[in-house]
Amino acid sequence: MEYLGLSLALLGAALAAALSGIGSAIGIGIAGESAAGVMTEDPNKFSKCLILQALPGTQGIYGLLIMFFVLIKLGLLGDAGAVTLNWNQGLQVFASCMPIAIVGWISAIYQGKTSAASIQMISKKPEAMGKAIILPAMVETYAVLALLTSIMMLNFGIKL
C-alpha cells in the first residue's frame, strides 16, 4: 500500500507515452503506405510525402513530454529523490495523464489517415502542398488541446 500512489502516477505516465506512441506509429505507418505508393510513380515527391508522413508523429512526442513532466514532478529525475504520494495523489497524476494518452492515441491514427489522403492529393496536384498540410493539422489541434489539458492538470490540479 505504501507505493500505491507512486505506482498509479507512474502507470499514468507510462500510458501517456505508450498509447500516444502507439497511435503515432500507426498513423505514420498509414501515411507511409500512401507515400510509398506515390513515390513509386514519382520519386521526386519524397520530401513532400515525408513532411506529411511525419505529422502523426507529434502525438508520440506529446505523450513522452507528459511522461517527463510526471517524472520531474515525482522527483525521479534529479538528485532530490522521489516524493511520497498517497493513493489519491497518485490517482490525480494518473488522471492528468489520460487526456494525452487517449486523445494522442486516437488522433494520431486519424491524422495518419488524413495525411494519407493529403499525400494522394499532392500526387495529382503538387502545388496544393499548403492545403495538404492544413488538413492533417486540423486533427493535430485536438492533440495539442489534450497536451495542454494534461499539463494544466499536472501543474495546477495536484499539490504534492
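Student: What makes residues 93-112 count as 100% helix?

Tutor: In this predicted model, residues 93-112 are 100% helix and 0% strand, with end C-alpha atoms 29 Å apart. Helices are DSSP runs (H or I, at least four residues), strands are runs of E of at least two, and both are numbered from the N terminus. Local features of this predicted model need pLDDT of at least 70, side-chain atom pairs count only at pLDDT 80 or more, and totals for chains, interfaces and linings use all residues. Residues are numbered from 1 along each chain as its sequence is written, and side-chain values use heavy atoms, with hydrogens and water left out.

Student: Which residues does UniProt call "transmembrane region"?

Tutor: The unreviewed UniProt entry places that feature at residues 51-72, 93-112 and 132-158; such annotations may be inferred rather than shown by experiment. Residues 51-72 are 86% helix and 0% strand, and their end C-alpha atoms lie 32 Å apart.

Student: Why is α1 called roughly antiparallel to α2?

Tutor: Helix α1 (residues 4-41) and helix α2 (residues 46-54) pack at about 170°, with axes 9 Å apart. Angles over 145 degrees count as roughly antiparallel, so α1 is roughly antiparallel to α2. The axes are lines fitted to C-alpha atoms over the stretch in contact, and angles run from 0 to 180 degrees between N-to-C directions.

Student: Which residues of α1 and α2 make the contact?

Tutor: Contact means heavy atoms within 4.5 Å. I28, A31, G32, A35, V38 and M39 of α1 meet F46, C49, L52 and Q53 of α2.

Definitions and conventions
Angles under 35 degrees count as roughly parallel, over 145 as roughly antiparallel, 65 to 115 as roughly perpendicular and the rest as oblique.
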